[in-house]
Amino acid sequence: MIPAVLIAKKRDGHPLNDAEIAWFIEAFTRGEVSDPQMSAMAMAICLRGMTPLEISALTAAMLASGETLPRDSSSVPRVDKHSTGGLGDKVSLILAPLLACCDVQVPMISGRGLGLTGGTLDKLESIPGFRCNFDLDQSALLLKEVGCHIVSASERLAPADRRLYSLRDVTGTVESVALITASILSKKLAASLDALVMDVKVGSGAFMKSQADALRLANSLVETGREMQLPVTALVTDMDQPLGRAVGNALEVNEVLDLLRGEGPGEVRELTLQLSAEALLAAKACEARDQALLRLQRVWDDGSAMERFEKMIAAQGGRISGHLPVAAKHPIVAQRGGFVSAIECSTIGQCVVELGGGRRSADDSIDSAVGVQVDVAIGERIESGQPLGFVFCSDDQAERWTKELQQAFIIADEVVAPRPLIIQRIESKKP
């Protein structure tokens, strides 16, 4: 086949067949399709879209470009959760050990943050000694010993996706629903899962800003999963305000520790429980939602989830005995009373990045100690002079950021309705 002919075919809005997609991805993996040619195909896909059959074929081709995580002889179900990312999203750190207490394995493959949203691996690497790079055999051993792991993607899992993702990031093609779907599911299928739950976030602090776009992505993931014989359920969840109070790597780990001890913000616990219950139901590890939630609450409240979290951290080289050190805290004070009508997540995220807590480019180093704590929520009544939260930074940066962050909290005179945490649930339609 000729790459330029296939690129032109997709550019002109015609669907590619399974053989054409498989050949293009295989040739790209071998280096016979160049990076410029792959970038052109990605742009054609971004502009023209793909049919559901094309997305399934692309997912299968990316999966076939590498190996899969081996399964042992046990019949323990494998489940995972993937989030499209948002400010303060530390659910994965709790969900993996929580589910591992419920007779399922959780081979979580996570990424680093780029831009305004933090990465799960960056949060965990704020723990001294924590390692995320393991080969497939080591990952399988971790899974057998602990029941869960949170690691970086092996170069042997879906290598075509790894190469394509780096091109998408610099060619303006990240937003394509087809490419997002194939990227996520090829890696999850390579982990040999029995079920996957998706947390598709929508709002000012999310990748998908509109509910229509979030639903398109959620439906694409669920239906492509069905075509690939992987049960996928998606929850569309709110990201018009940070999830929980902490935004910043060490701050978020500390909030996780509080939550596992029975403290911390209730919305993080609620979303973690709901996503975990979906995973247990999809894997048929529980028969009913109430049964799943009761089981999850029990292992959370009796300390089992905390013990499994500590076991996972230790197995991956980490050392943690209490809260991680953070920078000095400085209050963000309300300039007037009223009701919180909006929280500008972009301002909070940009603050964390500029303080060094996030990356502008993949090579940037991270300052885990900095961040922002948000102590109010949309709909809440506040008084003038009340602390809205805190910024954690050096003293010489405090004046600038406390003033700028005041502008991130929009205060109205009228009562404002609180935001729902879970907006919609989507599951595969029966064939």
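User: Why is Cys393 called buried?
Analyst: Cys393 has a relative accessible area of 1%. Buried means under 20% (exposed is over 50%, partly exposed in between; 1.4 Å probe, protein chains only). Therefore Cys393 counts as buried. This is a predicted model: local features need pLDDT of at least 70, side-chain atom pairs count only at pLDDT 80 or more, and totals for chains, interfaces and linings use all residues. Residues are numbered from 1 along each chain as its sequence is written, and side-chain values use heavy atoms, leaving out hydrogens and water.

User: What makes Cys148 buried?
Analyst: Its relative accessibility is 1%, so Cys148 counts as buried.

User: How do you know that strand S3 is mostly covered?
Analyst: Strands are DSSP runs (E, at least two residues), numbered from the N terminus. In S3 (residues 148–152), five of five residues are buried. Cys148, Ile150 and Ser152 lie on one side, His149 and Val151 on the other.

User: What makes S2 and S3 a pair?
Analyst: Two strands pair if DSSP finds at least two bridges between them. S2 (residues 106–110) and S3 have five and run parallel, so they pair. Val106 has Cys148 as its bridge partner in S3.

How values were computed:
Helix = DSSP H or I, 4+ residues; strand = E, 2+ residues; numbered from the N terminus.
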